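Colleague: I am new to this one. Could you show me how to read its features?
Modeller: Gladly. Let us open it.

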Amino acid sequence: MSDTKFTAPVAQESLHLELSERSPVPSLREKILAIRNSLRPGQQQMADWQSGPLAISAVPGAGKSTGMAAAAAIAIARQYERSSSRSHLVVVTFTRSAAANIKAKIRKDLKKLSLPQTGFFVYTLHGLALNIASRHPDLSGLQLENVTLITPTQSHRFIRTAVEQWIANNPGIYLRLLEGHQFDGEETERLRRQSVLRTEVLPELANTVIHEAKSSGISPEKLREWSKQTTDEYTILSVAAGLYEQYQKLMRSRDFIDYDDMILAALRVLENDSARRIEQNQVFAVFEDEAQDSSPLQTQLLEILASDGQYGGVRGDKGDKGDEGDNSALLTPNSSLLTPHSSLLTPNSPLPTPHSPLNLVRVGDPNQAINSTFTPADPIYFRQFCEECDRIQRLATMDQAGRSTRIIIEAANFALKWINNQSLAKTNNGQQIPDNRQVPFRLQTIRPVEAGDPQDNANPAPVGRGLELYTPRDIHHTVELLSQRVIELFGEDPTQNSAAILVRENRQGRWLAEALTPVCKEHKITLYDVGERDRRSHVPQEILALLQFCDRPHSPDYLKAALEALVQRQLIPTQDLNALASLPEEFLYPGPLAAPQPETVQKAARLCRNLLRARLELPLYQLISFLALTLNYDQAELATADKLAERVNQQIAGNSSMGGMLSTLSEIVSSERFEPVETEDSEERYTRRGQLTIITMHKAKGLDWDYVFLPFLHENLIPGRFWVPPQSQFLGDFTLSEVARAQIRAALHGESTIPDVTQAWEQAKHLKISEEYRLLYVAMTRAKRLVWMSAAQKAPFTWSKPDNLQEQAPCPVFPALKRQFPECVMNLGVMTKQA
């Protein structure tokens, strides 16, 4: 694929002529050209778009959102001129915070054009699907007032119940799994294996396959068909199909939906000719950001919407609908929407043409695809879209980036090429044959911006050496060196700079936060641990603690949990909670002979009695909102509490009781990822100046800081090794879930055969290694002026036991960076003497 070949969809002369002829406002031409000319070459190619498909492959820091916002505003301006129709532009991005950010930028550019700040909608993919499904409830099958949206984890009771029901229905296959590759029949071992299968192996398989299959429109029947093409002794895909089928029955019986159901519901709407034309006629184009993170059905949804209203909307042969039976909530294997909508899914499908009715602009970076090993996102579809657009000269590459200083750009480019070469050497036995599926990265080099670039302080001067490579003795020495560098960087005026420590695991972040807290307090540096605050919403946990106390105030455990929540919210002073909770009656209602309570205890007791009084006086449906006010929640927390109350009250409708409320809340806390409502821009919260942020590499995507610290770069984490837990090794040297994922993706990619267990496990390992290297690349390119990298000689084998230090090999790219950039290797001996 060429990185340079691109024919602009609109020649400059054509643009000038069109605007001069059509513009009803004499100054609109100059305003559009002013916005266009303020952009970089790759961004300009996006702004020149008029119709048809267009792929934009952008490097980190290239200004994707700025370019997309400008291109959107110009496209809306052209639409105003061309047509009086009420059709609008749909902009789709990955997260709510990104949607809010790009919406603000589009409005700003429309204001520059003196145009109404309308004519477009910005959605997340699931928000768009829900919007379509809710407008056509009869076709989508979603009655929003009757369904409950959940985000189940592996421990959710629906997953657990599906496992138990599958076991009851399939005793023979379950017995085969129990036997594994060898079994002597010993009863204790049998019981151990039963526990592992019921609580770990089968729930993990169900959770993985349900997301993979539903996000691709694959039914249980299709999985069973694919299973017949495999030779594995456990018939893994058939087992997965049974688990998936049981899960779907449970979801429908309770009127629950998950996020994949939203996409499927929208696609059911678009299968109807009339509804599809209505939706298509309202949209003149679709712009998608972060396209590398789309799943197959999400891609298909956007392509249908982006098709011309006169066009049928589904490319490929349509089959008759079969009997949907128990899988009516899914697309059936013969449904037309399972026919690939574009050439993305099968190599021989028709390609888009320059005059294709597909008005779709997709912007992304295949090299920043970091979600595919734990979500259904699959970067192969965007890579193929780029290849297809390249063939028809509709590919633009945004390869100029102004975020980072030059040494960081050089280091990131070197790491990319070195990793690709290593991967090719392994997969091709030294024959350098480029293949999109064999190498972790698309060959795309970051270039600094040209002189006169409009970005303020583009490619800033480095701080220190810009790239600093450390090899500490152990993780404690790492903290010493990191602390010393942080103090130096924040020393003069901390409010002028931002910094972050990017970790691979939340457990590393927790350990670091504990180690750095005293240093940051001493030097008045704000330390923000994102993992601790944002790992999950604290609102359900705190509300549950108070409600459990209200239900059983004489329980010492529940009283202590409620008091801990009140202390955490700073509503009562810190004190010995064990002493208060040990005698609940004496604490809450002291008798006349009891010793006088200190003021701090009296304050806590009064607040607890107020909670009990509210339990008696308020109706059940108002309790959560009252508790949220009592806890002195801020705006975002109150909105999250309202969302929680609505969810709980909906679930217990018809059987309203304190027991039902507690049961529902307990399940949300223990087995769901309840998403808080965000009213503050998370980007601003994580990148505040004067703040040292501890954040995972995954969550850091899309953000940047002046200084970025990357400690603990060891081979056992990046790229890591696929590890089979000892307790499940009786099944073999693989995990059922990863084998199933690899087999499903092979079938979706149109491969001639579905890989056997050994091949699928190797493919899964390759996918994992590739993604871990892309994650490191993302982490390195978050830095503007300094990236600090270290790999200690001794580190924990697992961060669940951080004190168990042993010799650890560095991430393979780390020694390569030291060889390539010897001037950036820090001499610790000299530093120790200076200290």
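Colleague: Which residues of helix 21 meet helix 26?
Modeller: First, a word of caution: this is a predicted model. In it, I543, L546 and L547 of helix 21 meet L623, I624, L627 and A628 of helix 26. By class, that contact has seven nonpolar, no polar and no charged residues.

Colleague: How do I describe the way two such helices pack?
Modeller: Two packed helices are described by the angle between their axes and the distance between the axes. Helix 21 (residues 539-551) and helix 26 (residues 623-630) pack at about 110°, and their axes lie 10 Å apart. Angles of 65 to 115 degrees count as roughly perpendicular. Helix 21 and helix 26 are therefore roughly perpendicular to each other.

Colleague: At what angle do helix 10 and helix 12 pack?
Modeller: Helix 10 (residues 187-214) packs on helix 12 (residues 236-253) at an angle of about 80°, with the axes 9 Å apart. That makes helix 10 roughly perpendicular to helix 12. On the helix 10 side, the contact includes L202, L205 and K214. Helix 12 brings I236, Y244 and Q248, among others. The residues of this contact divide into 12 nonpolar, one polar and one charged.

Colleague: What should I look for in a core?
Modeller: In soluble globular proteins, nonpolar side chains tend to be buried together. Here the largest nonpolar core has 87 residues. I106, F287, L502, L710, L713 and M789 have the most contacts inside that core. Apart from it lies another core, of 51 residues, among them I150, Y244, L748 and W761.

Colleague: Which residues does M789 touch?
Modeller: Leave out residues up to four places away in sequence. M789 then touches L467, E468, L469, Y470, L710, L713, L776, M780, F814 and L817.

Colleague: How many residues of helix 4 are buried?
Modeller: Helix 4 is mostly covered, with 16 of its 19 residues buried. Next, check its span. Helix 4 (residues 64-82) reaches 26 Å from its first C-alpha to its last. That is close to the 27 Å expected at 1.5 Å a residue.

Colleague: Is D138 buried or exposed?
Modeller: Over 50% relative accessible area counts as exposed. D138 has 72%, so D138 is exposed. D138 sits in helix 7 (residues 137-140).

Colleague: What separates the C-alpha atoms of D138 and V269?
Modeller: Compare sequence with space. D138 and V269 are 131 residues apart along the chain, while their C-alpha atoms are separated by 8.6 Å.

Conventions:
Residues are numbered from 1 along each chain as its sequence is written. This is a predicted model: local features need pLDDT of at least 70, side-chain atom pairs count only at pLDDT 80 or more; totals for chains, interfaces and linings use all residues. Side-chain values use heavy atoms; hydrogens and water are left out. Helices (H or I, at least four residues) and strands (E, at least two) are DSSP runs, numbered from the N terminus. The expected span of a helix is 1.5 Å times one less than its number of residues. Buried means under 20% relative accessible area, exposed over 50%, partly exposed in between (1.4 Å probe, protein chains only). A nonpolar core is a set of buried Ala, Val, Leu, Ile, Met, Phe, Trp, Tyr and Cys residues joined through side-chain atoms within 4.5 Å. Contact means heavy atoms within 4.5 Å. Axes are lines fitted to C-alpha atoms, for helices over the stretch in contact, and angles run from 0 to 180 degrees between N-to-C directions. Angles under 35 degrees count as roughly parallel, over 145 as roughly antiparallel, 65 to 115 as roughly perpendicular and the rest as oblique. Ala, Val, Leu, Ile, Met, Phe, Trp, Tyr, Cys and Pro count as nonpolar, Asp, Glu, Lys and Arg as charged, and the others, Gly among them, as polar.
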